[in-house]
Amino acid sequence: MMAEGDNRSTNLLAAETASLEEQLQGWGEVMLMADKILRWERPWFPPAIIGVVSLVFLTIYGLDPSVLSGVSCFVMFLCLADYFVPILAPRIFGSNKWTTEQQQRFHEICSSLVKTRWRAVGWWKRLFTLKEEKPKMYFMTMIISLAAVAWVGQQVHNLLLTYLIGKSLRTQGTSWAVKSNWNLVKQIRARLPSLRQ
């Protein structure tokens, strides 16, 4: 009985991964390059990531767009990327050089994305199960969690908080990144009273 459930789960994973691979086929080369960058295959990738993220956030800070303008520009950027990446990626990366190893890595990335989606849906379902089975526990957990997030949001500027999260998203396991983030936070907290006035 358990083997049948595992087999069904494996088949479902394979089917959803194949479907996602088909949907993202035009993005294959870009996803492989992004995977190499995020896995830090070269020693200069971490500083390059931090530099690009910093440049993006400095641009946002300098332009100081309204929320509506920021969301609009972000969605417009996604639409342009969705249109141009499948057209330009084969010309830039040369899709005729697609090897078995690259196809395997692309498959692993898509499989990982499917598993991540499953985890998110699983947490969402657990949350609603908790709401139905233990409403008081659900209420207390949500209120305390959201109050903590609201407090952090009140103490730290939105853009800075987003920058720190974006910068440390991939580097959270690295002590170098943790130390640099902590030092940055200490410097900013020291300047915070003067910034708030």
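Q: What volume does the largest pocket have?
A: In this predicted model, the largest pocket has a volume of about 1,300 Å³. Its lining counts 30 residues, and Val30, Ala34, Asp35, Ile37 and Leu38 are the closest to its centre.

Q: How do I read the lining of the largest pocket by residue class?
A: Sort the residues into nonpolar, polar and charged. Here you get 21 nonpolar, 2 polar and 7 charged ones.

Q: Why does the largest pocket lie between domain 1 and domain 2?
A: Check who gives residues to the lining. Domain 1 (1-96) and domain 2 (135-196) both do, so the largest pocket lies between them.

Q: Okay, what about the second largest pocket: how much space lies in it?
A: About 710 Å³. There are 19 residues in its lining, and those nearest its centre are Ile60, Pro65, Gly70, Val71 and Leu159.

Q: Which helix gives the most to the lining of the second largest pocket?
A: That's H4, with 7 residues. H3, H4 and H7 each bring at least two residues to this lining.

Q: And how many nonpolar, polar and charged residues does the lining of the second largest pocket have?
A: You'll find 12 nonpolar, 6 polar and 1 charged. As for domains, domain 1 (1-96) and domain 2 (135-196) each contribute at least three residues to the lining of the second largest pocket.

Key. Residues numbered from 1 in each chain as written. Predicted model: local features only at pLDDT ≥ 70, side-chain atom pairs only at ≥ 80, totals over all residues. Heavy atoms only, no water. 1 Å grid on protein atoms, 1.4 Å probe; cavity = no way out; pocket = protein on both sides within 12 Å on 5 of 7 lines; lining within 4 Å. Points joined across faces, edges and corners; volume = space filled by probe spheres on them. Nonpolar A, V, L, I, M, F, W, Y, C, P; charged D, E, K, R; others polar. Domains from an automatic or database assignment. Helix = DSSP H or I, 4+ residues; strand = E, 2+ residues; numbered from the N terminus.
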